[in-house]
Each structure stands twice: as C-alpha cells, then as structure tokens.
Amino acid sequence: MPNAAKIEKTDVVLIGAGIMSATLGALLRQVQPDWSITVFERLDAAAAESSDPWNNAGTGHSALCELNYTPQNADGSVEITKAIDINERFQVSRQFWSYAVETGILAEPSNFINPIPHVSFTHGEADVRYLRKRYEALSRHPLFEGMEFIDSPDEFARRLPLMARGRDFSDPVALNWTDAGTDIDFGELTTELLAYLGASGADLAFGHEVRNLTKQSDGSWLVKVRNTRTGKARVVNAKFVFVGAGGGALPLLQKSGIKEISGFGGFPVSGLFLRCTNPELIAKHEAKVYGKAAVGAPPMSVPHLDTRVIDGDRGLLFGPYAGWTPKFLKDGGYTDLLKSVKPNNLFSMLGVGVTELGLVKYLVSELLKSQAGRVDAMEEFIPRADGHDWELIIAGQRVQMIRRKGAGGVLELGTAVVAAEDGTIAGLLGASPGASTCVSAMLDVMQKCFPHEYASWQPKLKEMVPSLGVKLSENQALFREVWDWSNKALRLESNTPDTEGVAPHAAV
C-alpha cells in the first residue's frame, strides 16, 4: 500500500480521453458540478486513438444507410429492430449536442457536424430486391421519414456521378437515399468537450497510463498511474472509475477483478482506408454510400465511399480493408491479445475460434491484398478507380466484443456497458456504432452506477435530452419537435425530411 500522504483523492476518474469519457465527464459536470473529475490519457493528445477523425468513419451511425443493421430474414422480409434502436440512440446524442451548443459547452456546430446524404447501395437483381424491401420496411417508420428508393440509372448518375462514370448499368443498381444524414468529426467534438471539462476545473492528465485498479475496503478504487514521459508514479483514490479506453478497456476491467467482466473476451481487427488525393474526384462525390459486407467480414467492415468534413475541408475515404494485429490499441503491445486470455474467458475465445472460420478466411484474404488488389475491390463503387488517386492510411484499432454464450462464446456487433454491481466502476466494450451513440451509452452508465442520484438528476437530464425515457419511435410529435430543435441548434436546417403529413417518397 502506498504511503497515504501521497495518495490524491478525486470523486471521478475517467480513463481515456476519447468521446466516451469526454461525454460522461460533460454530463456529470452538468448534473453534479461539485464533483472533482480527473482524466487520464496514455497518449499526448485528446481523441488520438479511435475518436480521431481519420480513425473512424464519422458517419453519425443512425442506421439510415448501414445495411448490417437491417438483415434479411429467411422468409425474405427485412428486420429493422436494430436499426430503430440505433436511430433512437443517435437522436439522444443530437439532443445533447444541441443543448451543448446553445449553452456554450460546444462552439460552432459546423466544426464537428455537417449535413451529408446517407445512402445504401446494392447491385444485382437479388440485392436490388432486398434494398426495395428495406426501403418499404423503413420508409413507413417515423424515424426514417423521407427515405427514397432509386433504381433509375439516370437518377443514379445525377446524384452519384463518380460512381456512375464507366458503370455497366445492365447490372441493376439501387439506392436507399436519405438527405437527413450527417458527417461528424468525433475528434473535434471530443476535444471541445474535454476543453469544457478542463475549463470547469477537471484535471486532464495526458501522457499518463493507468497501470492497475485496486478495490478498497470502503468501496473506492486505488488507481495506479505512470507518467509515460518521466516514469513517475501517481496514485489516485477515486469513488467512481469509468474505463473508456477503447481497446484498452478489456485489460483494465480484467485487472479490476470485478465479476461482471468474467467471460468477456476481445478480438482485435485493424482498419485500413484508401484516402483520395485528387481534388477533382473529391468534388464529384458528396454522400456516405454504404454497400453490403463481404461474406465472413466483421460487422465493422461494411464497405463505404465516404465524404468527410475535417477542419472545414472536404475529403473522401473508401474502405475499410481489414488488417490484423494482436494489439488492442493502435500503439499497443503485440502481447495484448494473449494477455487478455484468462481462465474465465478461455472457452468464450475458443468457441469463437471454431464458429468464426469465415472471419478467419476473410482476414487472411484481406491481409494478402496488394494496393492494386485494394483498388480492384473499390471498383464495385468506382468502376474507373485509379490507384494513383488514392493513398493508404491506417485507421483505429477495433476490439470486437466476445461474450460468453452457453459453453462457448459469440462475436458480437455493438457496444456493451459493463458495470460492477455496486456501481463504483464501469467500462465500455465493443465497437460500432460506438461514438454515434455515446450520449445514450453514458446515460446508461449513469443510471446503472448512480441509481440514487439519477432520480434527482432527472430534471437537468431532461433539459439536456428532452426525449429522455420516451421512445421517439412511438411518439412522432415529440420526435418532430426535438428533430426541428436539434436541426436549428446544430445549423442543419437543410437536413429536414419532406414529411409534412404526406407519405414517404415513392420510387424515382
């Protein structure tokens, strides 16, 4: 036990300076301004891992275009339950960001959020039929108002000239088009939220790596930290700890020893993108276009041709291409995966190894791809793609969640809050939709970990998120109210679907 005189005390420790910790910190500062908050980040900058704008797609995942959230059932129907849930959660994020802009927590909204169409793309008769069924299932739902189905080659070419150039339209094509999408720079958003925290008195410690977490007899946590520049040790006693460390969350939660992490494992998948270097091509495309994932591909590897707005400049990405490394963080260690295997998750990990042979095959094929092979794969979206117009960039590391199921385990899409029964520590595991649902996820943390305070926080929380506790999918009037408010607050007025009491757009 370290000398008690050298132990610092704080109410809340947030591990990791990404969008999750920044969001939780900002929410807690609003509802409990007297609490002390300390943020530890092993890197030297905010949002330098998964939240960095070039390390994620920045989609603002709301299931408008992501086909993996609308799977086709065996009978040919399309399941939209997951899409509705993700859209609901994204609406919660929009509301908090709107409140934050109006109250000065966040600055000019165009710094971090901009309107951009969200588009689903398929080709071939079978997939065109699927996309029509998807449109029919979603467009009648209040959260997906304004969606269009497009199967006209002329209209396809008008809206997506880069994808139409050189395309053989004897192969049928179809789009689900929604003007109500957004592009989000989660790096900028994270930086601004942390700046607000710092200005309000939080201790932001960059270049500090949390090495261990030890539960104390009074229910608090001893957090052992090392300064990565000087090697100096630091010990902090915290009443509550949140582990928002991306791929580093699993190992830290395992070190905490909480029983709730038992059975969980992680499978790391790195992402590569092709970034366009030709301004003429960038100017010819203005949409986030998502296709269907390859057979065996992990859920985060759905291919997309993606317009980005970063620091006010337009960019264009295509990918992701999967890579593999045993690291859990972009600059982590090669023993991360091995060290994460414990007696309590061994069968979960082995079970996934048996059931996910398609994933292994997919990863091997991706690793063997040359630059020319990557450009060839892009031709499904851009028929005349030229490798000289694109450069390869390495995106963030994702650790896909493995959860115990029966005697084995299952690789899961999504994110999960893992919290100790006594509410003194919580962490977030998983990947997509991740950042887009950060506010909803952190409200879940607050409700699980602070059940007594949460009741007293309700008035303030509802000021920040007016739809709190209400399913917008079941209350169209409230959805319209908060949608119009958030569009105005976030300067997205042109982003309003044409839905004033009329039926959804028909096929073009």
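Which residue in E17 is the bridge partner of Lys405? In this predicted model, the bridge partner of Lys405 in E17 is Gly408.

The pairing of these strands extends beyond that bridge. E16 and strand E17, which spans residues 408–412, pair in the antiparallel sense over 5 bridges. The two strands form a hairpin with 2 residues between them, and within this hairpin Gly406 takes a positive phi near 60°.

Strand E16 also pairs with strand E12, and the two run antiparallel. In E16, Gln397 stands opposite Ser270. The pairings of E16 are listed below.

| Strand paired with E16 | Residues of that strand | Sense | Bridges |
|---|---|---|---|
| E12 | 265–276 | antiparallel | 11 bridges |
| E17 | 408–412 | antiparallel | 5 bridges |

Val399 belongs to strand E16, which covers residues 390–405. Is Val399 buried or exposed? Its relative accessibility is 11%, so Val399 counts as buried, the cut-off for burial being under 20%. Between Val399 and Leu222 the sequence separation is 177 residues, and their C-alpha atoms are 26 Å apart in space.

Glu155 counts as buried because its relative accessibility is 14%. The side chain of Glu155 is joined to that of Arg159 by a polar contact of 2.7 Å.

Note on methods:
Residues are numbered from 1 along each chain as its sequence is written. This is a predicted model: local features need pLDDT of at least 70, side-chain atom pairs count only at pLDDT 80 or more; totals for chains, interfaces and linings use all residues. Side-chain values use heavy atoms; hydrogens and water are left out. Buried means under 20% relative accessible area, exposed over 50%, partly exposed in between (1.4 Å probe, protein chains only). A polar contact is a pair of N or O atoms within 3.5 Å; within protein, one must be able to donate a hydrogen and the other to accept it, and residues adjacent in sequence count only if both atoms are side-chain atoms. Helices (H or I, at least four residues) and strands (E, at least two) are DSSP runs, numbered from the N terminus. Two strands pair if DSSP finds at least two bridges between them.
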